[in-house]
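Reader: Could you take me through the aromatic rings here, with a close look at what sits around them?

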Amino acid sequence: MTAKLPKLPLTPFIDGVFEQPGLASEPLLDPATGETLARVHSANREQALKAIAAARRAFDDGDWPKMPVFERGQVLRRIADRILARAEDLALLESVNGGKPITGARREVAGTARVFNYYAGAMDKFFGDTIPVSEQLLNFTLHEPLGVVAQITPWNFPLLAAAWKLAPALAAGCACLLKPSPLTPLSTLLLAEIIAECGVPRGIVNILPGGAEIGQLLATHEAIDGISFTGSTAVGTEVMRAAAGTVKKVALELGGKNACIVFDDADIAGAAKSAVSGAFGNAGQSCSARSRFLVQKSAIAPFTEALLGELKMLRLGSPLDPTTTLGPLISAAHWQRVERSVRGAEQQGARLLTGGHRPDDLPDGNFFLPTVFGGVTADMPLYNEEVFGPVCSITSFETENDAVRKANDSVYGLNGSVWSRDIGRALRVAKAVRTGMIAVNGLPSASSTSLFAPFGGTKRSGIGRELGMDALAFYTEVKTVTIDLS
């Protein structure tokens, strides 16, 4: 049975209040049981326009952008504290709405609070420069808030993604219009309630549940100064195209088909353990999933044996069971897409080593067994296309140059890892692989993603960076000031 949800608002949050019900969306279904969770009311066009006007007014005429950055930071700290106070409610919503194992959901809620705490103390350390132009001229730069920003978050990490976007934007002094995925809006609506309790002025944060029509409006509206989107590459290109008409600033965090490169001198057991967490975390529903295992030919057999042994340690089941390590896929429609990818890989000649279907003991919900294919070659769709599920491939390579070539043989460039006891070789490969992030001999406790470091990719994996101090660059504009001292 689905757990009882905490009481929370189910309508758009606009200009400091939750609106009256607008458009009734399709019911949200628990991905583990198929039971109805709630029915969220999406914003209609009039409500979205009202939110844009409120954000514009709050930024142009309000106190938030002019507030000393330390004082804005104090508000963000209150938000972080309130997130921790409501941690169990937020974790429950993430688990039930998104199918995340509850232990992982709790870690993500703690990470959300850390993001707000980080940016609470970041903006007063995001300095401008003094530039030695000449003896007679004093030249310096200022970081000023970008303005009104639209933010579109995905369904796979709804609460963390909201924090990654809201926290740096608020620290910079922006006004925000955030549209969560229609599949997983619940935790973001509770976050809106928390923000309203913590002293953020009216109009500075607006939450607009809804579908593509709201996203299109945010991307094209001339009153919005920038848009940050996380989601698929296909939709990201449409966002970029739509934003071009008003020359908005655009940040895109998109897809990935990331490589885990394993040389024959690597810690094979460690590489296999890391490969499981890096590829199958969140049921593989992550743009950062390292789902292409590139393994030196002489290490294929021991790596495969170790990998299949590690997979036996995963436990599928109810996301609310603390012993569960792998939850369901987000929806029945997505389950079918993953299943089609698996059947297609079989037809292309890939060898199914394990998984490939629904677990026999979990006939309900959107569960899919962790799946590994061997003998995958570069001409197969599985090698190149993002499955966004618990499906991985093993491909052999011969030499260091061959490993780099195969890792770079992708339109994506988000994440990756390399395993070798030869640290010189490992670093050469890390430098040569065209990706925004890469881990060297990275066990799960030392992944390539940190809340304090830039997150983002190259090629069709996106534009710009989230997290770290780099995120503040998107939410600010640089102004050059020159003073004539003569």
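Author: Happy to! A charge counts as sitting over a ring if NZ of Lys or CZ of Arg is within 6 Å of the ring centre and within 35 degrees of the ring normal. By that rule R292 lies over the face of Y383, 5.0 Å from the ring centre. R358 is placed over the face of W335, at 4.5 Å from the ring centre.

Please keep in mind that this is a predicted model, where local features need pLDDT of at least 70, side-chain atom pairs count only at pLDDT 80 or more, and totals for chains, interfaces and linings use all residues. Residues are numbered from 1 along each chain as its sequence is written, and side-chain values use heavy atoms, leaving out hydrogens and water.

Now for rings beside rings. Rings of Phe, Tyr and Trp (its six-membered ring) pair if their centres lie within 6.5 Å; planes under 30 degrees apart are stacked, over 60 edge-to-face, and the rest tilted. Searching the whole structure gives nine aromatic pairs. One of them joins F293 and F303 edge-to-face, with 5.7 Å from centre to centre and 70° between the planes. F293 belongs to strand β15 (residues 292-296) and F303 to helix α10 (residues 300-311), so this pair ties together parts 10 residues apart in sequence. Helices (H or I, at least four residues) and strands (E, at least two) are DSSP runs, numbered from the N terminus. Elsewhere, Y118, Y119 and F452 are linked into a cluster by ring pairs.
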